[in-house]
Amino acid sequence: MKSIVIIPAYNEEKSIVKTVQDICEHAPEFDYVVVNDCSTDHTLSVCREHHLHVLNLPINLGIGGAVQTGFLYAYKKGYDFAIQFDGDGQHDAKYLHKMRDYMIEHDVDMLISSRFLEKEGFQSTGMRRFGIRYFSILIKLLTGQKITDPTSGMRMINRDILAMYSESYPKDYPEPESVVTIINCKKKVMEYPVIMRKRMEGTSSISPLKSVYYMIKVTLAILFEMLRKYGT
Amino acid sequence: MSLYLRILLIVMSLAAAVYAVHQIRKSQMKIENAIYWFMFILIVVVLSIFPELAMILARILGIESPVNLIYLAMIFLLLVKVFSQSIKISQMEYKIGILAQETAIMKMKTEEKDPKDSERDKNRNSDSKE
């Protein structure tokens, strides 16, 4: 089963090499591709220097567009599994095998890694945790399914989901909305407990003011998804 | 403000809101772009239901009739929106330029390997000259 790790990267010059090394070391049979979202720092030249596989976007598309580029590439190349993986060092490559085995064994369509299933490791900051709980409750209310970490950036999908996402994927703050889409299609979505690290270098792309906008926009987007399901 | 005007504004605002929702569902419009219009509609509806707000504000600003205040506010909001769209269009033209250039360079690379690709370009180029 061909598997690929999709690493969206925007200004991750300091951590991108270590991230790829982590993957090559702990999951050598996984292919990978870095999607450089038109970084303004030296991310691209660092990647070229170390001969990393890079999809270099000529314009900045944001996290949704960058990840979707990876999905489109994975689908065209015939991959069976694709996993999204952060380029900032928060994710641990040792889970890649375990997640894929779990997916195959339990016939899961989408496996989301969750920091909050066993509550170990870096549990994110207060404001983020509040946002995460909010979406967790919202999703439970609207779809009936409990997702403890709806904003998690390490998610593994199978080819069916890959086809869907290649065609349509939210452009910004895509994680909660895209989960709702998949749940509404009656696909099997499960979570896998992981420990995540604190961000290695650089800063997160979401500021406090943006967080408020994020919550409003994603709430609206999820409500629209539900409208789509009940077809008005 | 006459009752008829208020009802008309509310009805048209709701119709606009329904249309906006429909466009979002057809994926013809992104939610972030629609938020402005939803706020706009909300303001019009609130002012139509509570025209006293418009009357108080009109008095403070020295405007004769509250209706004029609403028109002024709407024109101002539209100007802001149109201006920000000019900025957005400029950004989009810039991005399209980049994509066009990258495409041209990439096509040259693939045409060097497979000359049949340039056939489609010849037909397209001669059509667009009309």
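## Salt bridges in chain A

Arg197(A) is partly exposed, its relative accessible area being 34%. In this predicted model, Arg197(A) forms a salt bridge with Asp22(A), and the closest N and O atoms of the two are 3.4 Å apart. The pair links distant parts of the chain, 175 residues apart: Asp22(A) belongs to helix H1 (residues 16-26) of chain A, while Arg197(A) lies in the loop between strand E7 (189-193) and H8 of chain A. Asp22(A) counts as buried, because its relative accessibility of 12% is under the 20% limit. Both residues also take part in a network of salt bridges that links Asp22(A), Asp92(A), Lys94(A) and Arg197(A). Over all chains, the structure holds 9 salt bridges.

Glu29(A) is joined to Arg100(A) by a salt bridge, with 3.2 Å between the closest N and O atoms. Glu29(A) lies in the loop between H1 and strand E2 (31-36) of chain A, and Arg100(A) in helix H4 (residues 95-106) of chain A, so this pair ties together parts that are 71 residues apart in sequence. Glu29(A) is partly exposed at 40% relative accessibility, whereas Arg100(A) is buried at 13%.

## A buried pair: Arg115(A) and Asp149(A)

Arg115(A) and Asp149(A) form a salt bridge in which the closest N and O atoms are 3.0 Å apart. The pair links distant parts of the chain, 34 residues apart: Arg115(A) is in the loop between strand E5 (110-114) and helix H5 (126-143) of chain A, and Asp149(A) is in the loop between H5 and strand E6 (155-158) of chain A. Arg115(A) counts as buried at 7% relative accessibility, and Asp149(A) is buried with a relative accessible area of 0%.

## The second largest pocket

The second largest pocket has a volume of about 660 Å³. Its lining comprises 26 residues, of which Ser168(A), Pro170(A), Glu177(A), Arg228(A) and Ser27(B) are the closest to the centre. By class, the lining residues divide into 10 nonpolar, 6 polar and 10 charged.

Four helices each supply at least two residues of this lining: H6 (159-167), H7 (174-184) and H8 (208-229) of chain A, together with H2 (31-49) of chain B. The most is given by H8(A), with 6 residues.

## The largest cavity

The structure holds 1 cavity of 30 Å³ or more. The space in the largest cavity is about 50 Å³. The residues that line this cavity are Phe40(B), Ile43(B), Val44(B), Leu47(B), Ile70(B), Ala73(B), Met74(B) and Leu77(B). H2 and helix H4 (66-113) of chain B each supply at least two of the lining residues. The lining has 8 nonpolar residues, with no polar and no charged ones.

## Surface features of chain B

A nonpolar patch on the surface is formed by Met39(B), Leu42(B), Val46(B), Ile49(B), Phe50(B) and Leu53(B), which together have about 530 Å² of accessible area. H2(B) gives the most to the patch, with 4 residues. Phe50(B) lies in the loop between H2 and helix H3 (51-61) of chain B. Phe50(B) is partly exposed, with a relative accessible area of 45%.

Ser86(B) is placed in helix H4 of chain B and is partly exposed, with a relative accessible area of 40%. From C-alpha to C-alpha, Ser86(B) and Tyr4(B) are 36 Å apart in space, and they are 82 residues apart in sequence.

Technical notes:
Residues numbered from 1 in each chain as written. Chains lettered and ligands numbered in written order. Predicted model: local features only at pLDDT ≥ 70, side-chain atom pairs only at ≥ 80, totals over all residues. Heavy atoms only, no water. 1 Å grid on protein atoms, 1.4 Å probe; cavity = no way out; pocket = protein on both sides within 12 Å on 5 of 7 lines; lining within 4 Å. Points joined across faces, edges and corners; volume = space filled by probe spheres on them. Nonpolar A, V, L, I, M, F, W, Y, C, P; charged D, E, K, R; others polar. Patch = residues over 30% accessible without salt bridge, like charges linked within 9 Å, V, L, I, M, F, W, Y side chains within 5 Å. Areas by Shrake-Rupley, 256 points an atom, 1.4 Å probe, with all protein chains shown as cover. Salt bridge = Lys/Arg side-chain N within 4 Å of Asp/Glu carboxyl O. Buried < 20%, exposed > 50% of the residue type's maximum accessible area, 1.4 Å probe, protein only.
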